[in-house]
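Dear colleague,

I am passing on the structure we spoke about, followed by some notes on what was found in it. Please keep the model open while you read.

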Amino acid sequence: MPARLVLVVTVLLAGAVPLVGQTVRDDGRERVVKLLDVLKSSASREEKQAACRELAIVGTKEAVPALAAFLADPDLSHAARYALEPIPDPAVDEALRKALDEAKGRALVGVIGSVGVRSDAKAVDRLARLLESPDHEVARAAATALGGIGSVEAAQPLAAALVAASAETRLALCEGLFRAAESLAAAGHRVQALAIYDGLLKLADAPSQVRTGAVRGAILVLGKDGLPSLRRHLRSDDDLLFTAAVRTTYEMPGHAVTALLVEALQRTDAPDRQVLLIQSLASRKDPWALSKLWTRAMAGPRRVRSVAIRAVAEAGAAAMAPALFPLLDDSDPDLAQAARESLAVLPGYLAWATRPGLSAEQRLAICRTAAGMVQKPEEKRLLLTALGGIPSSEAIGLILPYVNEPEMREEAAAALVSVAESLLRGQNAKQVASGLVTPLAEVARLAGNAEVVRRAKAALEQAKNQAK
Amino acid sequence: MPYERSKLTRRQLLAGAAKAGAVLAAPVFVPGAVLGKDGAVAANERVTLAGLGIGGRGGYDLGCFMEEPVIQFVAIADPQKSRREGVKARTEKKYGPGVTAYRDFREMLPRQDIDAVLIATGDRWHTMASICAAKAGKDVYCEKPSTMTIAESLALADTYRRYGRIYQAGTQRRSISNFLFAADLCHSGKLGKLTAVHANTLHPGVTHDWVPAELEPPKEECDWDLWLGPCPWRPYNSQYVAGRWRGFFDFHGGGILEWGAHTVDLCNWAGTNDQKMPIHYEPTASGCIATYDDGLKLVMRDDGWMGLGTCSARYEGEDGWVETGDSGRLEFSSGRLRAEQKQFTEVGTSAVSHIKNFLESIKTRRPAHSNAEVVARSHIICHAAYIAWQLGRPLQLDPVKAEFVGDEEANRMRSRALRDPWRI
């Protein structure tokens, strides 16, 4: 946000009086009476709305009749509900139920909404009748309200109405059923909740978000008894059901679910599905799963392998690092890059660059990636140690900048001289010699260790001779 | 080119590994095999995007989206004709003729060809529009704040969980390097046991006043009823629709939320990895000090910052502290911590990485960085703090039910009745 706008907003907010909340601490009944007097007077709409706003905080049963008188008023119905909705007294529910028969149009829609917010179970019959209203907005509101009540009695008319629902009300009825199922599940009525989810799943031409929600609900409502349902959807030919099932697993911890994901991965040859499964498995950070995932994924197409490589990094599976090393030399540059990046985030990655058993090229690849990322002195020293054991001109290039870093100079000088000596002993000495002259001269000039300087000068002489 | 192939710093890689695969996970459809002719994105790989209420900040977000090759922008809805026509003209320059402009978003959302919606209306509409979009099967990128009340926060999380849609709040600092780095210091234990996290917020006060009424324009020019949406009615004034609606209680969640949507969110992430909410809220003159069940403090304040830019955050532990802000700079308690720092290139307001994360989530169906669950928690914290400040007394919050313990007045303030025909 630009600084000037910040200033304007701050000034506006700081200077705003009266501040919200400073009116709520006057003494209860007297204040309510005064506010009701405003409602009954010829005060302006603004004043009456202000009174209602305050009654939302301080209103009591005593305020209900005066507020209820406005529920059918197109101008003040909302203000009345604003005050009534939070008052925790059954008198409010009675007033709202009465208004269901009296209000019309948008005011009625609003009243229905407030009934739903308050979850008034006694309003179920009235709301069920309103499901059949020719006013689609009223019918939709009634569907949401019944869902908010969420009892078995509220769910029944929703399910019945869905059978022959019009396009205008279908989604609202589904929404109502979802809410009812969630309430029922929370109350321990798993069988009834499951019946709702199964009904939604079987709904002809149900939109994707309804099917996704139904799959999720049907699996989760049963807890660990939902595993067979999860397995079934992971085996489904329907991509949407499969994807919904995989997505649901993010809400399901535990090894049993991990095992089902692994099983699904073993069963499918479809790359898109493999990718989704691998990503879910990676998020579970289960070493057992990673080893299973790896074997399967590496037999797959390129994009599956790419996702699997990155999954190792996400899972932080340092033990998998050796599996990444061969990929550093992969002919596919994307896979090689993925391997480098994944390796770089694994704990202790740089230490691998000093271990025997890796080829010089593999160790160089690790160092190449690390060179752009090392920050701390100990990391730089580890990098230089690793580079010092790699007889490569590129290693010289990676070491050289550190010769000019005072804190790293001595380690860098020693590493550079070691590499140069190895190269000058090698079969390609003549070819690489000229490229060693300048770096060795730099080391001979800057290094402080006498022995390193002596070796640098000797290697420099040798390089010059070889370069002739 | 796949949008995930940008060069990553180690810190970004580490941060990515700490999240739900956001940075490192490849999308389902890896380009190469699916690139269309001339490098264009194949039709079945595109994400068709619609906009809802795109003004100033939304215009910036739209620009970021338009830079992504997978995006095809197809529709805009706005009750103000000048805005919707402006977005239509802008996007048609890139995508060609055929971007549809709607006054009423309810006509736009049922379109089956729309995958995702960018919502950048005023605060009052964020929850309602996001919920409507999810019910219509869309994924949503919605500017902050995500909600105006505790009840809206719960409804938002419920809806996105229910329908399996992707939600990304415009709290882009969760994807910005210096903020990632500071949070990483907390998560990695480098600050030791955390004692306090500080969120830069603004003065909470708002007004209920109405500005003078002006003649309401024709509906096609500005649909005032739709602009108000779920908020209490008040007469039209051009000031509101020109963007000067902040500071009015009906339209704005208050100063704690204004920046707290970012900074309290960052603090809750850094301090608890989004797992908790404070249970005790003690109002101060212009903010609140909240306390978690383990004693960690979350201090919401508008002053005493080190000048590191807007939306600053500070994390304190037994072994040191770090403070950062939108300038991208960081200050530390010690050289040891300073040595951890790397040069960052993105600054606090850039939404580029955040939008890339959203697009990735659309493909992979994995939760985005600022998904509905985590923002619901951070917003509940802001709302609870604001309620405590309004009432002028400490409050206890049951973090499971998100209800206040033993305080009916406070509980009445958890929600606001919505104007018909709107409901969540």
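Helices (H or I, at least four residues) and strands (E, at least two) are DSSP runs, numbered from the N terminus. This is a predicted model, in which local features need pLDDT of at least 70, side-chain atom pairs count only at pLDDT 80 or more, and totals for chains, interfaces and linings use all residues. Residues are numbered from 1 along each chain as its sequence is written, chains are lettered from A and ligands numbered from 1 in the order in which they are written, and side-chain values use heavy atoms, with hydrogens and water left out.

On a 1 Å grid over the protein atoms alone, a cavity is a set of points where a 1.4 Å probe fits but cannot get out, whereas a pocket is an open set with protein on both sides within 12 Å along at least five of seven lines, and lining residues have an atom within 4 Å of a point. Grid points are joined across faces, edges and corners, and a volume is the space filled by probe spheres set on the points.

The second largest pocket holds about 1,500 Å³ of space, and its lining has 47 residues, of which V117(A), A151(B), L154(B), D158(B) and R414(B) lie nearest its centre. At least two lining residues come from each of α7 (105-117), α9 (136-149) and α11 (167-186) of chain A and from each of α6 (150-163) and α14 (408-412) of chain B; α6(B) gives the most, with eight residues. For residue classes, Ala, Val, Leu, Ile, Met, Phe, Trp, Tyr, Cys and Pro count as nonpolar, Asp, Glu, Lys and Arg as charged, and the others, Gly among them, as polar. On that basis the lining of this pocket divides into 17 nonpolar, 13 polar and 17 charged residues.

Across the whole structure, the search finds five cavities of 30 Å³ or more.

Over all chains, 64 salt bridges are found.

Turning to helix packing, the axes of α26 (residues 429-446) and α27 (residues 450-467), both of chain A, come within 8 Å and cross at roughly 145 degrees, where axes are lines fitted to C-alpha atoms, for helices over the stretch in contact, and angles run from 0 to 180 degrees between N-to-C directions. The contact (heavy atoms within 4.5 Å) involves residues including L436(A), V437(A) and L440(A) of α26(A) and V453(A), A456(A) and L460(A) of α27(A). By class, this contact has 15 nonpolar, two polar and three charged residues.

The peptide bond from K144(B) to P145(B) is cis, with omega near -5 degrees, and P145(B) sits in the loop between β5 (139-142) and α6 of chain B. A cis peptide bond also joins D420(B) to P421(B), with omega near 10 degrees, and P421(B) lies in the segment after α14 of chain B. N273(B), in the loop between α10 (255-272) and β8 (280-283) of chain B, has a positive phi, near 60 degrees.

With best wishes

Terms used
A salt bridge is a side-chain nitrogen of Lys or Arg within 4 Å of a carboxyl oxygen of Asp or Glu.
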